[in-house]
Amino acid sequence: MPPASFACICCGFTSFTEKPLLKESETLRICSSCGTGETFPVPHPEKLEEQYSSAYYGENNVKFISPLEKMVEGATLRRTWWIHSLISPEGKVLDIGCGRGLLLKYLNKLKHPAFGVERSELAATRALQTEGITIYTKPFVECNFGTNTFDAIIIWHVLEHIEHPSETLEKIYKLLNPSGYLFLEVPNFNSWQSVLSGKFWFHLDFERHYYHFSKKGLIKLLTGKGFAITNIKTFSFEQSPYGFLQSLMNLFTREPEYLYKILKKEIKLPFYKKTFYFLLAGFLLPVAIILSVCESMMGRGGVLRVVCRK
Ligand SMILES: [Zn+2]
């Protein structure tokens with residue numbers, strides 16, 4: 001049982017259930033009130049540094065095989081125009097966990113002064129090669145930006161990787177202009193794909209994720225910090241269908257993330273095994289697309305995409 005002082009970071013509740021993970025030494029503590037999960041024991045910072053290696057960000061600044069790279073670029077461009085359409089022209093933007101800086105590069109092309117924070121020096125080095133954007137390699141909480149500095153702050157699939165999300169959100173609130181926007185996305189721990197696949201859920205990624213947010217928990221956390229939520233969606237073209245597909249494949253094969261590793265060129269498999277994975281993916285893809293759309297229609301999609309105003 002967790003110690004008595006242990007409280008949920010989203011709602012403060014102190015009663016939890018525990019669920020085993022793929023590694024027997026690790027479990028998930030799930031808040032009995034809001035359903036937010038926490039990896040226990042917490043991922044070790046040194047081990048995390050190893051996880052954010054060139055394999056995570058891709059060799060030579062390329063993360064996936066070529067057609068997928070194009071899809072990632074297309075999705076980032078769509079996100080750029082979406083953010084650009086909501087914030088003031090030439091509004092100043094900050095991307096926390098900016099990776100190789102693709103979004104900042106596109107926003108900067110639309111005349112937005114663009115700043116990024118990236119913990120991985122490898123990814124930051126790549127982002128720094130992009131003209132016109134400023135990258136900080138310190139942890140976000142140690143960066144000094146002043147107050148009321150940004151028109152938009154983006155934190156995209158990053159909050160779950162952070163040991164102290166509460167302090168991070170407090171700092172974001174201070175950094176935003178009085179009418180500034182926060183754009184946030186995290187995996188949805190209460191999605192159908194998560195509930196169905198349990199410890200095999202693709203977006204669980206418990207070796208890197210400290211927290212696993214539910215919709216109820218995230219709303220509680222954000223509103224508790226003073227943010228006004230203007231929009232919340234649970235479908236992501238980039239994340240939801242693939243998340244469902246990989247989770248189903250994990251369930252069937254009991255071999256976690258093999259397709260993902262093939263697409264990222266992380267592993268080399270014999271031809272027959274590769275063919276098997278692609279055939280299985282082709283068979284399950286329509287099912288995954290249909291299910292990911294259905295779960296989103298029920299408000300239980302694979303991600304929590306939230307837009308907030310200060
Ligand atoms: Zn809670």
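**View 1. Strand E7 and its parallel partners.** In this predicted model, strand E7 pairs with strand E8 (residues 176–187) in the parallel sense, over 6 bridges. Strands are DSSP runs of at least two residues, and helices (H or I) are runs of at least four, numbered from the N terminus. Two strands count as paired if DSSP finds at least two bridges between them. Opposite Ile-155 stands Leu-184 in E8. From E7 the chain passes through helix H6 (residues 165–175) to E8, and this β-α-β crossover is right-handed; that is, with the strands pointing away from the viewer, the path from the first strand over the helix to the second runs clockwise. Strand E4 (residues 93–96) is also joined to E7, by 3 bridges, and these two run parallel. Leu-94 has Ile-153 in E7 as its bridge partner. E7 (residues 150–156) is largely enclosed by the rest of the structure, because 7 of its 7 residues are buried. Buried means under 20% relative accessible area, exposed means over 50%, and partly exposed lies in between (1.4 Å probe, protein chains only).

View 2. His-157 is found in the loop between E7 and H6. Its relative accessibility is 15%, so His-157 counts as buried. Leaving out residues up to four places away in sequence, His-157 touches Glu-185, Val-186, Pro-187, Gln-239 and Val-303. Contact means heavy atoms within 4.5 Å.

**View 3. The zinc site.** The SG atoms of Cys-8, Cys-11, Cys-31 and Cys-34 coordinate the zinc ion at 2.3 Å. Donors are N, O and S atoms within 2.8 Å of the metal (3.2 Å for Na, K and Ca); water is not among the atoms, so sites may look incomplete. Along the chain the donors follow the spacing C-x2-C-x19-C-x2-C. Cys-11 lies in the segment before strand E1 (16–20) and Cys-31 in strand E2 (residues 27–31), so this pair ties together parts that are 20 residues apart in sequence. The arrangement is tetrahedral because the 4 donor atoms subtend angles of 100 to 117° around the ion; four donors count as tetrahedral if all angles lie between 85 and 135 degrees. Cys-11 is partly exposed, at 24% relative accessible area, whereas Cys-31 is buried, at 3%.

**View 4. The antiparallel sheet of E1, E2, E3 and E9.** Here 4 strands form an open sheet in the order E1-E2-E3-E9, with antiparallel pairing. E1 and strand E9 (211–212) are the edge strands, and each pairs on one side only. Between E1 and E2 there are 5 bridges, in the antiparallel sense. Glu-18 has Arg-29 in E2 as its bridge partner.

**View 5. Thr-76 in helix H3.** Thr-76 lies in helix H3 (residues 66–86) and counts as buried, at 6% relative accessibility. Apart from neighbours within four places in sequence, Thr-76 is in contact with Leu-102, Leu-103 and Tyr-106. The C-alpha atoms of Thr-76 and Leu-107 are separated by 9.9 Å, and the two residues are 31 residues apart along the chain.

**View 6. Confidence and the start of the chain.** The chain has a mean pLDDT of 88, and 91% of its residues reach 70 or more. pLDDT is the predictor's confidence in each residue, from 0 to 100. Over residues 1–5 pLDDT stays under 50, and for these residues the model has 6 contacts beyond four places in sequence. Where pLDDT is low, the predicted coordinates should not be read in detail.

**Notes to all views.** Residues are numbered from 1 along each chain as its sequence is written, and side-chain values use heavy atoms, with hydrogens and water left out. Local features need pLDDT of at least 70 and side-chain atom pairs count only at pLDDT 80 or more, while totals for chains, interfaces and linings use all residues.

Definitions and conventions:
Four donors count as tetrahedral if all angles lie between 85 and 135 degrees; four count as square planar and six as octahedral if opposite donors are over 155 degrees apart and all others between 65 and 115; anything else is irregular.
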